[in-house]
Amino acid sequence: MTKLIVATSNPGKLGEMQAYLADSNVGNFNWELTLKPEELDVEETGDTFAANACLKASSVALATGNWAIADDSGLQVDALGGAPGVFSARYGKNDAERIARLLRELGDETNRQAQFVCAVAIARPDGSIAVESEGVCRGEILHAPRGDGGFGYDPIFYVKESQLSFAQMTKEQKRSISHRGKAFADLVPQLRDLK
Ligand code: IMP
């Protein structure tokens with residue numbers, strides 16, 4: 001087994017990554033996923049999701065001497081010039097405040113187009129990046145929250161093709177179309193070829 005440190009202190013993300021990577025243990029590695037040490041904090045100073053994912057994966061790999069995986073994600077609203085973007089998690093103190101701020105800033109704007117983006121990176125023990133991927137999910141910002149599942153901005157992100165908000169979808173439905181699902185779908189085949 002090759003240890004793969006998940007560069008997050010969120011146990012929920014560990015479980016999610018385990019599910020996404022479950023079918024990737026067919027290449028040259030058998031991954032054993034472990035949460036990063038709590039005291040090891042990496043500041044997200046990059047100005048793109050990809051830069052932040054690489055920064056987190058590299059720093060945790062170097063600090064622990066193991067392979068490391070990191071993701072960075074967020075919401076980009078077209079009419080707000082791509083905001084909140086890499087600041088999605090820092091847009092308010094909690095999910096309710098972040099949603100309220102976004103709806104306030106968007107106001108009556110008729111262009112509600114938006115996208116969720118997720119970047120994933122895996123770093124080797126020497127900190128170099130071995131694999132990178134990115135997934136995008138387009139949707140629209142609702143005028144008011146709809147549904148009570150999911151997390152973050154899910155209740156105000158509506159996907160026309162499904163006629164549901166992310167918060168109204170089952171985990172499987174969301175995973176099949178979400179930015180994170182797409183980023184991992186792109187990552188897994190690359191892992192099989194890793195040497
Ligand atoms: P991070 O990737 O952990 O830095 O989180 C970025 C922030 O973007 C989260 O705190 C959420 O507010 C938001 N976000 C990322 N992905 C999703 C999603 O799938 N649904 C809702 N909000 C999300």
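Author: We begin with strand 3, which gives the most to the lining of the largest pocket, with 7 residues. Keep in mind throughout that this is a predicted model.

Reader: How is a pocket found at all?

Author: Rolling a probe the size of a water molecule over the atoms shows where empty space is left. Here, the largest pocket holds about 1100 Å³ of space. Its lining is made of 44 residues, and the closest to the pocket's centre are Lys13, Glu16, Ser73, Phe151 and Arg180.

Reader: Which helices and strands each supply at least two residues of that lining?

Author: Strand 3 (67-77) does, and so do helix 1 (11-21), helix 3 (95-106), helix 4 (171-177) and helix 5 (179-192).

Reader: How many residues of the lining are nonpolar, polar and charged?

Author: The lining of the largest pocket has 16 charged, 15 nonpolar and 13 polar residues.

Reader: Take helix 5, then. How do I read the length of a helix?

Author: Compare the span from the first C-alpha to the last with the value expected at 1.5 Å a residue. Helix 5 has 14 residues and a span of 21 Å, close to the expected 20 Å.

Reader: Which residues of helix 5 are buried?

Author: The buried residues are His179, Arg180, Gly181, Ala183, Phe184, Leu187, Val188 and Leu191. Their cover includes helix 1, helix 4, strand 2 (31-35), strand 3, strand 4 (113-123) and strand 5 (129-141).

Reader: Why does valine 188 count as buried?

Author: The cut-off for buried is under 20% relative accessible area. Valine 188 counts as buried because its relative accessibility is 7%. This valine is found in helix 5. Between valine 188 and serine 58 there are 130 residues in sequence and 19 Å in space, C-alpha to C-alpha.

Reader: Can we apply the length test to the helix that holds serine 58?

Author: Serine 58 is one of the buried residues of helix 2. Helix 2 (residues 49-64) has 16 residues and reaches 23 Å from first C-alpha to last, close to the 22 Å expected.

Reader: Which strands do the buried residues of helix 2 pack against?

Author: They pack against strand 1 (2-6), strand 3, strand 4 and strand 5. Among these buried residues are Phe49, Asn52, Cys54 and Val60.

Reader: Is leucine 62 buried or exposed?

Author: Leucine 62 lies in helix 2 and counts as exposed, at 57% relative accessibility. Leaving aside its neighbours within four places in sequence, leucine 62 is in contact with Pro125, Asp126 and Gly127. From leucine 62 to glycine 149 there are 87 residues in sequence and 36 Å in space, C-alpha to C-alpha.

Reader: What should I look for in the backbone angles?

Author: Look at phi and omega. Just after helix 2, glycine 65 takes a positive phi of about 75°. Glutamine 163 has a phi near 55°, a positive value in a residue other than glycine. This glutamine sits in the loop between strand 6 (157-159) and strand 7 (164-165), and counts as exposed at 59% relative accessibility. As for omega, the peptide bond from alanine 83 to proline 84 is cis, with omega near 0°. Proline 84 is in the loop between strand 3 and helix 3.

Reader: One last feature. How many disulfides does the structure hold?

Author: A disulfide is a covalent bond between the sulfur atoms of two cysteines. The structure holds 0 disulfides.

Key:
Residues numbered from 1 in each chain as written. Predicted model: local features only at pLDDT ≥ 70, side-chain atom pairs only at ≥ 80, totals over all residues. Heavy atoms only, no water. Disulfide = S-S within 2.5 Å. 1 Å grid on protein atoms, 1.4 Å probe; cavity = no way out; pocket = protein on both sides within 12 Å on 5 of 7 lines; lining within 4 Å. Points joined across faces, edges and corners; volume = space filled by probe spheres on them. Helix = DSSP H or I, 4+ residues; strand = E, 2+ residues; numbered from the N terminus. Nonpolar A, V, L, I, M, F, W, Y, C, P; charged D, E, K, R; others polar. Expected span 1.5 Å × (residues − 1). Buried < 20%, exposed > 50% of the residue type's maximum accessible area, 1.4 Å probe, protein only. Contact = heavy atoms within 4.5 Å.
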